[in-house]
Amino acid sequence: MKWWAGSFFWRTLAVLVIALVASQTASYWLFRQQVQHPRQAMGIGQLVSHLKTIHAALLSLPPGAEREFIGRLAEREGIRVFPARGDEPGRPAGDMPGMRMLRERVKVLFGGDAEIFVRPGAPGTLWVRITAGEQSYWVAFPRNRVERDNTDALLAWMLAGVAIAILATALIAWRLNRPLAGLAKAAEELGKGGDPPAIPETGPSEIRAVAHAFNRMKESLKKEERERATFLAGVSHDLRTPLARLRLDVEMLEGRVDAAAREGMVTDIADMNAIIDQFIDYARSEATEAYAPVNLSSLARECAERAARAGVPIRCELADTPVLMLRPLAAQRLVDNLIQNALKHGGGDILVRTQVAPREVTLAVLDRGPGIAEQDVARLKEPFTRRDEARSGRSGAGLGLAIVTRIAQAHGARFDLAPREGGGLAATVAFPSAA
């Protein structure tokens with residue numbers, strides 16, 4: 001789709017311009033049919049009447065009165081009459097609509113041989129040869145009495161009107177589009193987890209109503225997010241104290257209970273602590289963290305080395321990536337969650353890879369686990385969602401992929417889950433890059 005096809009500004013401008021052009025075209029046609037053509041026919045009728053009068057006067061007036069009549073005619077009507085002296089040079093006038101009408105009327109009046117001529121050097125004058133008795137005469141009259149064509153002036157007026165209307169329409173459409181564009185930008189930033197400023201509630205009443213509704217929605221979402229974060233953080237904090245006491249009690253049972261049972265309890269407590277960490281991580285907002293230059297390959301290596309200290313080998317294939325403007329702590333949480341997800345559910349050959357593609361830098365964490373069915377990908381990106389039968393392993397809160405999804409959206413990145421070649425899962429995050 002063309003860049004302008006979906007724009008409110010260009011669509012509005014196109015509709016109004018088409019309407020204006022159609023209106024001006026209809027006005028031009030109506031003017032030609034209802035005003036210009038009737039006026040032209042009336043002028044031709046008057047000219048033919050003068051020719052008829054001249055012909056009758058030349059037949060009936062004595063020589064002295066004839067010269068006086070011709071003088072008055074030239075003075076009042078601009079029509080000149082000359083005795084014909086042989087074949088003066090000239091050519092038939094063009095076949096324009098007005099000229100065609102005059103030629104037909106002249107032929108009816110003076111016979112089929114009558115013609116209208118134009119002489120070299122005088123294109124603004126038309127000539128008609130008439131015969132009165134035994135003498136022939138040339139009657140000369142201004143061409144504009146036949147071709148009263150105001151088309152150029154009319155077209156200029158129409159084009160000026162269309163240009164003024166287009167400018168006015170563009171201004172109106174721009175004033176309507178500007179707050180809507182600001183609203184779209186703020187909605188996009190809000191959808192990425194940002195905190196855009198309030199939309200100015202100005203302009204037409206409909207625009208003010210939309211801006212007011214958006215501002216109320218934004219405040220409501222912020223309030224709900226604060227309440228959710230406070231709730232999750234409070235619950236997580238309250239759970240840590242009894243878990244710490246429970247862990248201490250289990251440690252003190254060494255030698256008094258079966259070692260396997262004691263190890264299982266320690267593992268369960270560690271799992272619960274991990275779930276609480278995910279709660280706190282999910283409750284944390286990325287919007288408050290400032291952007292800073294981050295080398296994605298360096299960050300991925302640090303996260304992989306930190307995770308490898310637990311004894312699980314993690315391979316790295318890291319490209320020479322350009323520096324990106326990211327929220328550093330949020331980006332670190334994203335990489336950590338992808339690696340932990342692979343450790344928990346995938347196992348086997350875990351690979352952390354960065355690559356540079358046109359206008360984006362990708363980070364991928366690949367494992368050799370059972371993978372995820374295509375129909376479950378979108379659902380497993382939602383919070384508190386697990387599918388143990390698809391990704392076997394220890395239980396969790398189901399927040400790891402949701403945290404990755406939210407952080408990726410906050411950076412305008414794309415998060416994909418796809419099968420790995422040879423089996424397993426490839427979790428890929430593509431960050432936009434200006435390079």
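Guide: Two strands are taken to pair if DSSP finds at least two bridges between them. This is a predicted model, in which local features need pLDDT of at least 70, side-chain atom pairs count only at pLDDT 80 or more, and totals for chains, interfaces and linings use all residues. Residues are numbered from 1 along each chain as its sequence is written, and side-chain values use heavy atoms, with hydrogens and water left out.

Visitor: What is the order of the strands in the open sheet of five strands?

Guide: The order is 7-9-10-12-11, with mixed pairing; strands (E, at least two residues) and helices (H or I, at least four) are DSSP runs, numbered from the N terminus.

Visitor: Why is one side of strand 7 and of strand 11 left without a neighbour in the sheet?

Guide: Strand 7 (314-317) and strand 11 (414-419) stand at the edges and each has a single partner strand, so one side of each lacks a neighbour there.

Visitor: What makes strand 10 and strand 12 a pair?

Guide: Seven bridges join strand 10 (residues 360-366) to strand 12 (residues 425-432), and the two run antiparallel; the definition asks for at least two bridges, so they pair. In strand 12, threonine 428 is the bridge partner of alanine 364.

Visitor: Why is helix 7 called oblique to helix 8?

Guide: Helix 7 (residues 296-308) and helix 8 (residues 328-346) pack at about 45 degrees, with axes 10 Å apart. Angles under 35 degrees count as roughly parallel, over 145 as roughly antiparallel, 65 to 115 as roughly perpendicular and the rest as oblique, so helix 7 is oblique to helix 8.

Technical notes: Axes fitted to C-alpha atoms, helices over the stretch in contact; angles between N-to-C directions.
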